[in-house]
Every structure is written in C-alpha cells, then in structure tokens.
Amino acid sequence: MEASVLSASNAMLDALPPSPAEGAEDDQEAEGRSKKEIKIAIAGIVLAGNDVSQVLLSVVITYYGNHGNRPRWMGLGVIGSGISSILAASPQLIYGSGGEALATALLSSVQNSSTTDDTYLCPHKAEEKCGIEDDDSGQAYMGPAIILFLSQFFFGITVSSYFSIGLIYIDDNVKRTETSVYYGISMVGRVLGPVMGFFLGSKCLSYWIDPSLDPEISRRDPRWLGAWWLGFLILGTILVISGFFLMFFPEQLSSSLTAQIQRLEKAEIRKNPQKSEVLSVDHYLALTRQKKKHTKPSLKKLPMALKRLFSNKVYLGNCFDTICVLLALSGYWTFKPKYLETQFHKSASEANFYTGLASLIASMFGIILGGVVMKWKQPRARYVAAYSVFVTIVSASIMFSLAFVKCPDVNILGIDDVCSLDCECSTKFQPVCSQGLQTYYSACSAGCTSMSKNGSEVVYRDCTCIAEPLISIQTLDSNVPSSSLVYNNAPVSDSTASGSWATDGYCPNECSSLFTYIGLTIVSKLISATSRVGGTMVFLRSVHEEDKALALGVMTAVISLIAFIPGPIIMGAIVDSACMMWDTKCGQRGNCWLYDTDKFRILMHLVTGSLMLLSIIGDIVVFIYSKDIELYKEPEEIVEMFEAKGKKAPNLSIVKNDKKPNL
C-alpha cells in the first residue's frame with residue numbers, strides 16, 4: 001500500500017490545478033519548479049499517516065479486539081481499508097487532473113502539427129519569481145495532502161485490526177500441527193496481494209491520468225502522468241464487499257470448539273480419575289466462557305502483560321531482527337522503482353512489473369515450501385531459529401552482490417555543452433536520443449529548433465548540437481539498421497547540421513544485467529520466504545497464550561516507529577547524495593533530475609545489506625533461548641506431558657525460557 005500511495009501522491013501532486021494567475025510560460029515554469037520542491041516533503045508526510053496511526057493505536061486495538069467478536073473486528077477492518085482506498089482516490093474527483101496534465105496534453109496537440117515555434121525549444125531567459133508568490137504555491141497542496149494523510153491514517157488502524165487479530169483467529173481455530181499449512185496459505189495471500197497491487201498499479205499507470213485527454217506521448221516520457229487514482233477505486237470496492245461477508249464468520253469454528261471441549265474433558269478426568277460420569281457439553285462450554293472472562297483485558301492488566309513481553313528474550317530477539325530487516329527494506333522498497341528507472345532505464349510501469357513478477361514467483365513458492373517442510377518434518381524451534389541465521393547470511397550476501405550488478409554507463413551529452421548557450425534551457429531532465437544513438441539531456445540542450453510527429457513518436461529536428469552521420473538518413477523508417485551506420489563524432493557548432501534529429505527517451509542500451517539482477521532477487525526472495533512460516537510459529541509460541549495478539553500489536557507499533565517511519569527518510573538522504581543535477585529556484589534545491597548511477601547503486605545496496613546483516617544478532621538470541629519452545633503440542637497436552645512426568649505443569653502456553661526444566 002505504501003509504495004502505491006507514494007507513486008499516487010507524487011502523481012497527484014504533479015497534477016494539481018494551476019493558479020488562476022498563471023498565464024505566461026515563464027510563470028508556468030516557475031510554478032512547476034516550486035511544485036517539485038515541496039512535492040517530496042508532502043509525499044513523505046502522507047506516507048507517515050499509516051505508521052503514525054499504528055504507533056498510536058495498534059497496541060490498544062489488538063489488546064482489546066482479540067477478546068471481542070474477532071470476525072466482526074476483521075470485517076470492519078477490511079471495510080475500513082476499502083473506504084480508506086476510496087478516500088485516497090477522492091482528490092482526483094474533487095480537484096481533477098490538474099494543470100500539468102492539461103499543459104502536457106495541450107503541448108502534445110501542438111506537437112501534432114508539422115513544426116512548432118522555436119521559442120518553446122529555445123526559450124528566452126525567464127526571470128525567477130521569488131518571495132510571497134512561492135509561499136502561496138504550497139496552498140494548493142494542502143487539501144489533497146490532508147485527504148491522502150487521513151486515508152493512510154485510517155488505513156493503518158484497519159490493517160492492525162485485520163492482520164493481527166486475523167492471524168490469532170487462525171492460530172486459535174486450527175490444530176497446532178496444522179498451523180504451518182494455514183500460516184502458509186495466509187502468507188501467500190499477503191504476498192499475492194501486494195504483487196497483484198503492483199500489476200494493477202502498473203496497468204493503471206499505463207493510462208493517462210485524465211481519460212478524456214490523449215497526450216500522445218510515450219509512457220517512457222518523464223512527463224507521463226498515469227491514472228494513479230483508478231486502482232484505489234477498484235480495490236476499495238472489492239474490500240468493502242469482501243469485508244461485509246467476513247463479518248458473518250463464527251466467533252469460533254465448530255471443529256475448534258469440539259476439540260477444545262475434548263481437551264477440557266480429558267483434563268477433568270485427569271483431575272478426578274474416580275469420577276466416571278460423563279459431564280454435559282454445557283458444563284465445558286461454561287468452563288470455556290469462564291476462562292475467557294478470566295482473561296478479559298483491562299488497563300490494570302496491560303502493564304503486567306507488557307512486562308511479560310519485554311522480559312521475554314525470544315520475543316526481544318525477534319523484535320530486533322524484524323526491526324533491522326524492515327528498516328533496511330522499507331527504504332529499499334520505496335526507492336527500488338526509482339533505482340530500476342535510473343540504473344536500467346525502465347519506466348515506472350515496467351519497473352513495477354518486473355518487481356512484482358520477481359516477488360510473486362519467488363515468495364509464493366518459498367512460503368509454500370517452508371509450510372510443507374514445517375508440516376512434514378516438524379523441526380524443533382531451535383532448528384528453525386538456526387535456519388533463520390542461515391537465511392539472514394545468504395540474504396545479506398545477495399544484497400551486497402547486487403551492488404556490483406550494473407549496466408554500462410550512459411553518456412549524457414549536452415549538460416555543459418557550449419553549443420546550446422544561446423538558449424536558456426531548463427534544468428528539467430527530458431532525455432532525447434539522436435540518430436547517432438547518443439543520449440542528450442534534453443531537446444533544447446541538443447540544439448533542436450523544431451519538432452514534428454512521426455506516428456506516435458515526437459521527432460525533434462534541426463538539432464545544431466548533434467553530429468550528423470556520414471551517410472544520410474532519408475526517413476525514420478529507413479530500412480538500414482541503426483547499428484550498421486557509421487557516424488562522424490566531430491563536434492558540430494553551426495547550423496549546417498540542419499538534417500540532425502532526435503526522439504524522446506533514452507537511446508537503446510543493450511544490457512543483460514537486468515536479468516542478473518532479477519535472478520539474484522528471485523533467489524533472495526525464495527530463500528527468505530522459506531523461513532517465514534517457521535519464524536511466525538516460533539514468534540507466537542514464545543509468548544503467553546493470551547498475549548499473542550498484544551505481542552503482534554506491540555511489534556507493529558515498534559516497527560512503524562523505528563523502521564517504517566525513518567527507513568524511507570534515511571534511504572532518501574542516501575539516494576539524494578548520489579544526485580548530479582538538481583532543479584534549483586531562488587537558490588533553493590528542488591527535485592533531482594540526474595543521478596550518479598554507480599554511487600546510487602553501491603550506497604543503496606551496501607547500506608541495505610549492512611542492516612540486514614546486523615539483524616543476525618536477533619536471530620542468534622532467538623537461537624540461544626528457543627531450545628525449549630514447543631511448536632506443535634496444544635497447551636493442555638503440554639500440561640499433561642509435564643504431569644505425566646511428575647513435574648509441575650506450567651501456567652503458560654510455553655515455559656519461560658530461563659526457568660523451564662528439561663524433559
């Protein structure tokens with residue numbers, strides 16, 4: 001959800017309506033740069049709404065919600081998620097597609113003509129407007145930003161009620177020997193959901209933000225604004241309908257209730273072996289209600305429950321491990337589409353497609369494999385913890401190796417070229433490819449003075465800064481392959497090169513490293529996914545029976561506070577350090593247009609890999625103190641096992657790690 005809202009909020013903020021005072025081209029350019037400066041900051045605040053609500057409310061929701069009507073809580077959570085999704089799409093319905101979408105569409109209509117005025121491609125210097133006008137430009141963002149923040153805030157609340165309570169609902173309604181299978185199915189669904197979201201987002205972003213307009217520009221064009229809002233409407237409708245039906249699930253499944261009554265009957269016989277009469281079902285149902293009433297949560301009991309959690313070494317080790325991994329990956333996930341665009345020159349929709357495909361195949365297979373092994377072999381908790389140490393080492397090693405997977409550097413021409421000094425070119429990065437297969441920073445920096453349409457492709461002509469090939473090219477549809485042409489790389493500084501032309505986007509770059517990157521990502525996802533089912537079982541079996549939901553709520557709050565909120569901020573600062581070309585206005589820095597791809601790649605993967613490797617400390621703590629955790633026996637069976645050996649039965653689902661006697 002966060003990744004989709006990041007791209008959505010960026011797209012929405014790009015597409016806000018222009019101020020009524022705007023009319024001249026220099027005013028529009030100044031407003032565009034001002035918009036970029038505050039867009040990232042507002043997007044970060046919007047995304048924080050999800051984590052802020054989880055920090056504030058997840059503990060309370062899971063502590064009280066787990067002891068109520070859990071299907072009703074889950075159903076309301078899903079319905080709330082649907083409403084939040086629809087709320088996230090409402091800025092498009094309220095504010096429309098915005099000024100930039102309209103300006104781009106109008107520009108494309110100009111490009112449909114055979115030529116255009118050279119003042120657009122070679123503009124005169126525009127005086128920067130600084131001062132009060134800049135302060136007013138941010139006002140247009142407040143309404144949409146508040147709506148998106150509220151959407152994320154309420155989404156964080158509903159997620160806490162659904163996923164935390166839902167997992168405990170599964171755990172309490174199936175046999176412990178079967179939980180690995182159900183955990184696996186649940187986790188596959190959680191993996192499949194975001195991946196399908198990536199696919200849906202990729203498809204929606206391939207449509208123009210306003211269905212009534214046709215800009216006729218390539219989706220690879222940096223000016224492309226996708227229909228960010230469409231996916232939210234689709235998902236919101238599905239969630240509201242499915243949440244309604246989820247509310248009618250029973251509080252406790254009949255099979256689970258029958259098994260619980262049988263265990264209570266066995267326990268009663270053990271306590272009173274001389275008592276031969278069979279007690280009624282109502283008697284055991286009364287015992288069940290009495291037990292539930294005894295464990296009913298209250299504010300007085302909350303400090304004691306928290307003390308039990310934070311004195312549990314296995315729980316603390318799991319928290320440390322999860323925090324380190326998600327601190328690394330939350331920032332990595334946020335900037336991964338940007339990395340794929342920068343490193344491998346893939347559009348936003350293509351980047352989402354490749355990321356989603358790799359995650360889908362690897363994670364689903366790994367989770368299923370891990371669940372099958374846990375069901376079939378039933379390894380002890382310590383073996384599961386040892387495997388987690390191995391997974392951490394392998395995952396961190398693969399992350400480090402990705403720092404060395406690269407494509408050949410693309411030489412961007414025209415950044416400091418004196419050839420185009422007669423034009424006051426914008427600093428906005430809009431790459432074009434010359435007929436010599438050389439990438440220029442923009443059509444203006446390539447010295448192009450006119451443009452036309454060739455089918456759906458924009459062609460910039462009369463480019464005085466582009467070297468002309470030794471052999472002439474009559475049309476763009478020439479049968480001569482571009483790779484077979486010989487070009488004269490001598491600089492051309494006058495207007496004699498009137499036959500030179502360029503097209504939008506990067507030049508084709510033959511690079512197979514993307515497949516290496518995807519392959520290593522698949523291996524990493526596969527291996528790490530195999531440990532998720534076992535790790536969840538160790539986590540839930542390491543805490544007091546009635547503290548399971550609270551344990552998930554506390555971890556959610558801690559992860560949001562320490563990992564999800566600072567993670568993207570830290571990675572954003574790292575990514576910014578690799579910027580080579582900033583947009584500037586009035587002496588202030590705006591958006592980054594061009595990155596040092598080597599620095600971007602190395603820093604992003606080394607920092608992520610280091611944090612993942614640091615998480616091994618938590619894995620080792622879990623390994624040391626998980627020796628006596630019982631994963632597969634029911635609580636009553638553990639009691640019976642102790643009493644059969646003449647030992648005092650524990651009062652918890654497991655025995656405290658530092659006091660449990662050896663069996």
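Where in the chain is the place of Tyr-460?

Tutor: The model is predicted, and local features are reported for pLDDT of at least 70, side-chain atom pairs for pLDDT 80 or more, while totals for chains, interfaces and linings use all residues. Residues are numbered from 1 along each chain as its sequence is written, and side-chain values use heavy atoms, without hydrogens and water.

Tyr-460 has its place in strand E5, which covers residues 457–461. Strands (E, at least two residues) and helices (H or I, at least four) are DSSP runs, numbered from the N terminus. The relative accessible area of Tyr-460 is 6%, so this residue is buried; buried means under 20%, exposed over 50% and partly exposed in between, with a 1.4 Å probe and protein chains only. From C-alpha to C-alpha, Tyr-460 is 9.6 Å from Cys-433, and 27 residues separate the two in sequence.

Around this strand stands a protein chain with 22 helices and eight strands. Of its 663 residues, 48% are buried. Among the contacts (heavy atoms within 4.5 Å) with a separation of 6 or more, 80% are between residues 24 or more positions apart.

Rings of Phe, Tyr and Trp (its six-membered ring) pair if their centres lie within 6.5 Å; planes under 30 degrees apart count as stacked, over 60 as edge-to-face and the rest as tilted. By this rule there are 14 aromatic pairs. One of them joins Phe-153 and Phe-154 edge-to-face, with 5.8 Å between centres and 85° between planes. Phe-153 is buried because its relative accessibility is 18%, whereas Phe-154, at 41%, is partly exposed. Tyr-315 and Phe-539 form a tilted pair, 5.6 Å centre to centre, with planes at 35°. This pair links distant parts of the chain, 224 residues apart: Tyr-315 belongs to helix H13 (residues 313–344) and Phe-539 to helix H17 (residues 532–541). Both partners are buried, Tyr-315 at 0% relative accessibility and Phe-539 at 6%.

Helix packing brings H13 back into view. H13 and H15 pack at about 30°, their axes 14 Å apart; axes are lines fitted to C-alpha atoms, for helices over the stretch in contact, and angles run from 0 to 180 degrees between N-to-C directions. The two helices are therefore roughly parallel, given that angles under 35 degrees count as roughly parallel, over 145 as roughly antiparallel, 65 to 115 as roughly perpendicular and the rest as oblique. Asp-321, Leu-329, Tyr-332 and Tyr-339 of H13 meet Thr-392, Met-399 and Leu-402 of H15.

H15 (residues 381–402) also packs with H16 (residues 513–529): their axes come within 9 Å and cross at roughly 165°, so H15 and H16 are roughly antiparallel. The residues in this contact include Tyr-387 and Leu-402 of H15, and Tyr-517 and Ile-527 of H16.
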